[in-house]
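Student: I would like to go through some labels used for this model and ask what each one rests on.
Tutor: Go ahead; each label can be set against its cut-off.

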Amino acid sequence: ILIAEDDAAIQMIVCALLDKIGANNHYAFDNGQQLFERYQRTHAQTALILLDWNMPVLNGYQTIQAIRTFESENNLPPVPVAFMSAHDAQSSLADVMGADTAILYKPVSAEALKKLLGIV
């Protein structure tokens, strides 16, 4: 699981919640560019991307565009993505939402993560 979240406190909380539910193979980054660079090297091992919508360098929209372009150019299946947002981002995400995307509303809970991961 790759995580891009520029707020250090939220990043720590999400990582702690993932550890708590047993999903402890995760890596967190401060922006979408760092996550995208890691994804390019580890796409085969990436099961899920948790992506903040508002970030510096590459925001959530720019990051998902880069990921989907990379996947398309390399004939890779799309990795599931969950956008993390503190507000109703459905209208903002309408053009990038698909069967492989979801929204997690902040504050993110262990139950929401379990549901996303199919644990419950």
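Student: What makes the approach of the T63 side chain to the backbone oxygen of N59 a polar contact?
Tutor: In this predicted model, a polar atom of the T63 side chain lies 2.8 Å from the backbone oxygen of N59. The cut-off for a pair of N or O atoms is within 3.5 Å, so the pair qualifies by distance.

Student: Which other backbone oxygen does the side chain of T63 reach?
Tutor: That of L58, at 3.5 Å. The limit is also 3.5 Å.

Student: Why is T63 called buried?
Tutor: The relative accessible area of T63 is 0%, and buried means under 20%; therefore T63 is buried. T63 is found in helix α3. Leaving aside residues up to four places away in sequence, T63 touches G32, L35, L51, M55 and L58.

Student: How do you know that K106 and E5 form a salt bridge?
Tutor: Their closest N and O atoms are 2.9 Å apart. A Lys nitrogen within 4 Å of a Glu carboxyl oxygen meets the criterion, so the pair is a salt bridge.

Student: Where in the chain do these two residues sit?
Tutor: K106 is in the loop between β5 (101-105) and α5 (110-117), while E5 is in the loop between β1 (2-4) and α1 (8-20). The pair is 101 residues apart and links distant parts of the chain.

Student: Why does E5 count as buried?
Tutor: E5 has 1% relative accessibility, and the threshold is under 20%, so E5 counts as buried.

Student: How many salt bridges does a search of the whole structure find?
Tutor: The search finds 3. One of them joins R68 and E71, with the closest N and O atoms 2.8 Å apart. This is within the 4 Å limit.

Student: Why are R68 and E71 said to be about one helical turn apart?
Tutor: Because they are 3 residues apart in helix α3 (residues 60-73).

Student: Is E71 buried or exposed?
Tutor: The relative accessible area of E71 is 2%. Buried requires under 20%, so E71 is buried.

Definitions and conventions. Residues numbered from 1 in each chain as written. Predicted model: local features only at pLDDT ≥ 70, side-chain atom pairs only at ≥ 80, totals over all residues. Heavy atoms only, no water. Salt bridge = Lys/Arg side-chain N within 4 Å of Asp/Glu carboxyl O. Helix = DSSP H or I, 4+ residues; strand = E, 2+ residues; numbered from the N terminus. Buried < 20%, exposed > 50% of the residue type's maximum accessible area, 1.4 Å probe, protein only. Polar contact = N/O pair within 3.5 Å; in protein donor to acceptor, adjacent residues only side chain to side chain. Contact = heavy atoms within 4.5 Å.
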